[in-house]
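Please open the model in a viewer and follow the selections below in order.

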Amino acid sequence: MESHLADAQEVKAAEESAWEILTGFSLPKYAVDSLTHYKNNPESFKNEVLSGITVAVMQVPESVAFSFVAGVPPLVGLYSTFFLGFITAVIGGKEGMISGAAGAMAVVIKDLMADSGPLSDYSKGDRFNHLLMTVLVCGILQTLCGLFQLAKLVKLISKPCMVGFMNGLGIVIFYAQFGAFKKCPYAKATAPESPDYFSDCKENERRWMELGGEDAAKTWLTLLLVAFTMAIMVGWPKVIPQKYQRLLPSSLVAIIFGTLWEHYVNREGFKVSTRTVGGTEQLKGAFPRYHLPQIPSNGNGEWGVIFQYGISLTFVGLIESVMTLQACDEITETLPSVFRSNQECVAQGIANAVSGLF
């Protein structure tokens, strides 16, 4: 009991001296201390590098998947994951906590890009500019929340409310996957070099894949591949020792298996091809470019929608991040810190603001 009280007093002292912590930070000293630590603990360096590579590999398919949920090109999700992961790693509030594309944010963004959403009268490019401005507003608001120490307000949220929020989020993400079982009548989904992609179809032009008829084989092979991939995701952690899972996480194994199955079983064996990422959206690698969102200045810009969704993204993102931070504290048996929560809010805000500019 005395030990816990002492730890709590140390945390409280850290909270009260937050300004001293920020102003007393020295990058050269931090670099020297880090190099000294890794020099004396080479095993720690190896473990952290391997963990970073593993998480990076896992983040790629997750970012692409959430990009499709949000209705944006896959490269946008990858850029966002890079900025979020890098910036929060440098100035975030918790060791071992890695930020990236989030499902909670994706399902909110989805409405902005949807043909039936509040920006349905705009072109796809104009919707994307509105989205970038929304993310920029979200980043600014999240930073302000951290600076004004509003992370502590998360404690007021009831447990049943959080359970409902997380389960509702899971249902929304599950529902968003139904789009994978639709087809575009004119998109050449199996020929990435074609100018026509599945994303070129508007929502009202897409049709459900048929269980019968000439496309029945494609439908059943799609369902079979989905089932196999899900089985790997669930079964791999249960049958493979933990030390091997670090090198080959279930998500990576599932993607490798699915890719090999598609190209060597579906296409070579059955002579039937299912839709790939390259056939869904044009995907060309390039460095991100600075791009200030261009909102029409003639009064046609939907600033009300931008601020409405910016506020929603702010609190959805912060709640998810702070709750994840608390989960990390429980796993690592660390006492919770309001200062770290606010620090994470600032890091998330800066990362999102930067993401909105690229």
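Select helices H6 and H8, whose crossing is left-handed. In this predicted model, H6 spans residues 103-113 and H8 spans residues 159-176. Their axes lie 10 Å apart, and the helices pack at an angle of about 60 degrees.

On H6, the contact is made by Gly103, Ala104 and Val107; on H8, the contributing residues are Leu169, Val172 and Ile173. Classified by type, the contact of H6 with H8 comprises five nonpolar residues, one polar residue and no charged residues.

Now move to helix H14, residues 338-355, and select Asn352 within it. Is Asn352 buried or exposed? Its relative accessible area is 7%, so Asn352 is buried, the cut-off for that class being under 20%. To see its surroundings, select Leu84, Met105, Val135, Cys138, Gly139 and Gln142, which Asn352 touches when residues up to four places away in sequence are not counted.

Finally, zoom out to the whole protein chain. Colouring by secondary structure shows 14 helices and two strands. Of the 358 residues, 36% are buried. Among contacts with a separation of 6 or more, 72% are between residues 24 or more positions apart.

Notes. Residues numbered from 1 in each chain as written. Predicted model: local features only at pLDDT ≥ 70, side-chain atom pairs only at ≥ 80, totals over all residues. Heavy atoms only, no water. Helix = DSSP H or I, 4+ residues; strand = E, 2+ residues; numbered from the N terminus. Buried < 20%, exposed > 50% of the residue type's maximum accessible area, 1.4 Å probe, protein only. Contact = heavy atoms within 4.5 Å. Axes fitted to C-alpha atoms, helices over the stretch in contact; angles between N-to-C directions. Left-handed = near helix turned anticlockwise from the far one by under 90°. Nonpolar A, V, L, I, M, F, W, Y, C, P; charged D, E, K, R; others polar.
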